[in-house]
Each structure stands twice: as structure tokens, then as C-alpha cells.
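Dear colleague,

I am passing on a structure for you to look through. My notes on it follow below, and I would be glad if you read them alongside the coordinates.

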Amino acid sequence: MTPSQSEIDVLKAQMPLAFRAAPEVRFRRALAWTVLALLTAWCLYTFDFSPLRIWEGLARLGTVLSFMFPPHIHFNLVSRPLSETARPFPIMFNPFVCSYRTDQGGNLMDLSNTIDGATRPD
């Protein structure tokens with residue numbers, strides 16, 4: 001049987017200490033939070049923390065990130081070289097098309113009757 005919320009509220013009013021952590025547990029929690037706060041304060045002091053330095057560092061980070069991207073990206077300047085780079089991959093890894101290669105215009109050439117690109121004698 002599960003007690004209802006109203007029954008739990010009545011029991012909390014009658015026995016408040018039964019619904020709290022033990023004094024030893026509360027002391028250890030308070031001690032842990034105090035040690036954490038003191039350690040944080042000591043680290044901030046040791047590393048000479050300053051909100052102004054953080055703000056200046058974020059501004060420098062923005063400058064560095066802005067140099068990672070070109071100011072103007074033209075779609076044709078990027079898309080055409082990428083498409084030309086990716087075009088031979090299906091041909092290179094297909095075992096059935098190993099006797100073909102592309103000419104300067106990107107057209108497939110049949111090399112099945114050639115020796116090292118030269119026409120085989122019949």
C-alpha cells in the first residue's frame with residue numbers, strides 16, 4: 001500500500017526529523033561543499049582569474065575563428081573542384097570498369113584494346 005500525498009504531509013508534520021538526512025550526513029555534505037568552495041577560490045586566486053581577462057580571451061578566440069573562414073565564398077569556386085575530385089572515385093573502385101579512364105574533358109575512354117594507353121595492334 002502506497003500512502004497518498006496528504007498522508008505523507010501529515011507524517012512530515014508529526015515527525016520532521018524522520019524525513020531529513022542524519023546529522024552526520026548533513027555535516028559531511030556541508031563539509032564537502034565548503035572544501036569545494038575553498039578549492040575553487042584558491043584556484044581562482046592562484047591562476048589570477050579576472051572576468052576582464054576571460055572577456056578579452058573570448059574576443060581573441062573570435063578573431064582566430066574568423067581567420068579560419070574566407071570572407072567571400074563563391075559557390076562555383078568551391079563546388080567545381082570538389083566535384084572534379086570526387087568524379088573518379090566510383091570508377092577507381094569498380095572492378096568492372098578497370099579498363100577505362102578519363103580524358104582531359106572528363107569523358108571515359110575505353111582502354112580495353114590498348115597497351116599503356118597506346119592502341120594495340122590487331
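Read from the N terminus, the elements of the protein chain follow the order α-α-α-α-α-β-β-β-β, that is, five helices and four strands, where helices (H or I, at least four residues) and strands (E, at least two) are DSSP runs numbered from the N terminus.

Some conventions come before the details. This is a predicted model, in which local features need pLDDT of at least 70 and side-chain atom pairs count only at pLDDT 80 or more, whereas totals for chains, interfaces and linings use all residues. Residues are numbered from 1 along each chain as its sequence is written, and side-chain values use heavy atoms, with hydrogens and water left out.

On confidence, the protein chain has an average pLDDT (the predictor's confidence in each residue, from 0 to 100) of 76, and 57% of the residues score at least 70. The highest mean belongs to α2, at 96, and the lowest to strand β4 (residues 118–119), at 51.

Of the 122 residues in the protein chain, 2% are buried, with buried meaning under 20% relative accessible area, exposed over 50%, and partly exposed in between (1.4 Å probe, protein chains only). Among contacts (heavy atoms within 4.5 Å) between residues at least 6 apart in sequence, 0% join residues at least 24 apart. The chain exposes about 11500 Å², of which carbon and sulfur atoms supply 67%; accessible areas come from the Shrake-Rupley method with a 1.4 Å probe, and for residues only the protein chains shown count as cover.

In the loop between α2 and α3 lies D48, which has a positive phi of about 55° although it is not a glycine. Most residues other than glycine have a negative phi. D48 is exposed, with a relative accessible area of 52%.

A nonpolar patch on the surface is formed by L44, F49, I54, W55, L58, L61, L65, M68 and F69, with about 990 Å² of accessible area together. Helix α3 (residues 51–66) gives the most to this patch, with five residues.

With best regards

Note on methods: Patch = residues over 30% accessible without salt bridge, like charges linked within 9 Å, V, L, I, M, F, W, Y side chains within 5 Å. Salt bridge = Lys/Arg side-chain N within 4 Å of Asp/Glu carboxyl O.
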